[in-house]
Amino acid sequence: MIVSMTEQDLLDATRAAYDAVAARYAESIPERYRSSPLNHAMIGVFAELVTAFGDGDGLVADVGCGPGHVTAHLRSLGVTAFGVDLSPEMIAIARDAHPELRFEVGLMEALQVEDASLAGVLANYSIIHTPPERLPVMLAEFGRVLSPGAYLLLGFPAYDGPVEPAEAYDHATFPAYRYSPDRVAELLLAAGLTEVARLVVAPGEDPKRGFPGAFLLARRV
């Protein structure tokens with residue numbers, strides 16, 4: 001995949017930002033995840049579905065895995081999962097914390113995976129730094145690597161604006177976006193993925209920014 005200079009600059013800046021905060025991030029984010037039962041509920045459903053898919057021996061990619069806490073949770077639920085992240089520092093922390101699991105540095109929109117080879121892809125709040133114009137490319141990549149009938153779970157801060165598909169916001173690490181669930185569902189369909197279920201979490205459940213949250217579960221056609 002050839003990445004333009006503008007896109008490469010964005011990737012380099014995002015990588016550098018997360019490398020710089022990797023140790024601090026790894027100390028805080030797993031606890032935030034553990035204290036989010038609604039997030040756990042959707043990942044539990046996802047794990048059950050991908051475990052049943054293909055007699056339970058399919059491989060799942062946790063893309064944007066950070067320090068590997070969600071990858072490890074998937075494994076505790078019986079899922080054969082591996083993690084991918086842009087940040088080498090994050091991957092180093094994940095490997096150190098979970099040496100029994102597979103982690104690799106990579107791009108979410110250029111996964112080093114064969115076509116139609118995965119039982120599932122999880123992107124748990126990891127598309128937030130993807131500019132709206134690049135989101136269709138990323139979703140198409142997820143569709144490429146999923147086997148027919150396999151599952152994708154996306155988690156992201158939601159936006160309910162009637163016109164624009166996304167809204168930019170200031171993130172502690174790097175500029176980010178929150179997305180309209182309806183528009184994301186349309187993009188999923190264009191990528192060959194049919195929505196199975198969604199969970200929209202009320203804004204009041206986000207004590208930091210007051211954003212609603214969304215989890216979209218989709219299946220590869």
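## Basis of the model

Local features are taken from this predicted model at pLDDT of at least 70 and side-chain atom pairs at pLDDT 80 or more, while totals for chains, interfaces and linings use all residues. Residues are numbered from 1 along each chain as its sequence is written, and side-chain values use heavy atoms, without hydrogens and water.

Strand β9 (residues 213-220) is largely enclosed by the rest of the structure, because six of its eight residues are buried, that is, under 20% relative accessible area with a 1.4 Å probe and protein chains only. Strands here are DSSP E runs of at least two residues, and helices are H or I runs of at least four, both numbered from the N terminus.

Pairing requires at least two DSSP bridges between two strands. Strand β5 (residues 146-157) pairs with β9 in the antiparallel sense over seven bridges, with phenylalanine 156 opposite alanine 214. Strand β8 (residues 193-201) also pairs with β9 in the antiparallel sense, over eight bridges, and here alanine 197 stands opposite leucine 217.

## Nonpolar cores

A nonpolar core is a set of buried Ala, Val, Leu, Ile, Met, Phe, Trp, Tyr and Cys residues joined through side-chain atoms within 4.5 Å. The largest has 32 residues, of which Phe142, Leu154 and Leu188 touch the most other members; among the elements that give it two or more residues are α5 (135-145), α6 (181-190), β5 and β9. A second, separate core of 17 residues includes Tyr151 and Phe215.

## Annotated region

The unreviewed UniProt entry places "domain: Methyltransferase" at residues 60-149, a stretch that is 32% helix and 28% strand, with its end C-alpha atoms 13 Å apart.

Note on methods
Buried means under 20% relative accessible area, exposed over 50%, partly exposed in between (1.4 Å probe, protein chains only). UniProt positions are given in the numbering used here, feature names are shortened, and annotations may be inferred rather than shown by experiment.
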